[in-house]
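Subject: The structure we talked about

Hi there,

Here is the structure I promised to pass on to you. Have a look at it first, and then read on for my notes.

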Amino acid sequence: MSLTAAHYASALHQAGCPEQTLRDTADLILGSQPLLDALVSPAVSLHEKQAVLHRLPFADCPPRLMRFYELLAEKGRFALLPDILYEYHLLTLADADQTVCLMRCAQMPSQDILVDIAKAMCKLHGRAGVEMQVIIDPSLLGGFVLEIDGTTYNKSVSGQLHRLARRLQER
């Protein structure tokens, strides 16, 4: 994620925009590739972009949120919208003493395993809650890699093989 996206998310968060309102309006934009293309395109004038924004079904959204979208158009930063949404979500989770745990694994784990891992990460990291996000990565061969609060836990088969190879080379 970019630092710029984090700054936009932080400013919007401090302005008190509810996450669901942001997500609903952003989904309208992101759900239409022609609309997003027009808002991102340098060939479309700022005036035209603003006119399009004010014709969208969310034109009656909170003024601060509309100003946010106008600012993205003005600065040519609509391409950052997905990253801004993610950063905003992280801020909302942090308000509730929660965080995201990214889990990479070779195959989809059961819901019971996800719940158990989330509970363990809550306890280990002193969090009220953990939102699990799973990415399937067959290159791990088995096991999993967890990333949470800047810490990585590699319990994958490929990770074990790499550690074994490194130990053999050191000897």
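Below is what turned up, taken in the order of sheet, helices, cysteines and pocket.

Before anything else, please keep in mind that this is a predicted model.

**The sheet**

The place to start is an open sheet of four strands, in the order β2-β1-β3-β4 and with mixed pairing. Its edges are formed by β2 (129–136) and β4 (151–156), each of which pairs on one side only. On average, neighbouring strands here are turned by 20 degrees against each other, direction ignored. In general, strands of a sheet pair through backbone hydrogen bonds, in either a parallel or an antiparallel sense. For β1 (residues 98–105) and β2 the sense is parallel, with eight bridges between them.

Helix α7 (residues 111–125) lies across β1, β2, β3 (143–148) and β4, and runs at about 130 degrees to β2. Helix α8 (residues 157–170) lies across β3 and β4, at about 90 degrees to β4.

**The cysteines**

As for accessibility, Cys105 counts as buried because its relative value is 3%. Cys122, at 15%, counts as buried too, since the cut-off for buried is under 20%.

**The largest pocket**

The largest pocket holds about 230 Å³. There are 14 residues lining this pocket, and the closest to its centre are Tyr86, Leu90, Thr99, Val100 and Asp149. Which elements give two or more residues to the lining? They are α6 (81–95) and β1, the strand that also pairs with β2. Of the elements, α6 gives the most to the lining, with six residues.

That is everything I wanted to hand over. Happy browsing, and do write back with any questions!

Best wishes

How values were computed:
Residues numbered from 1 in each chain as written. Predicted model: local features only at pLDDT ≥ 70, side-chain atom pairs only at ≥ 80, totals over all residues. Heavy atoms only, no water. Pairing = 2+ DSSP bridges. Axes fitted to C-alpha atoms, helices over the stretch in contact; angles between N-to-C directions. Contact = heavy atoms within 4.5 Å. Buried < 20%, exposed > 50% of the residue type's maximum accessible area, 1.4 Å probe, protein only. 1 Å grid on protein atoms, 1.4 Å probe; cavity = no way out; pocket = protein on both sides within 12 Å on 5 of 7 lines; lining within 4 Å. Points joined across faces, edges and corners; volume = space filled by probe spheres on them.
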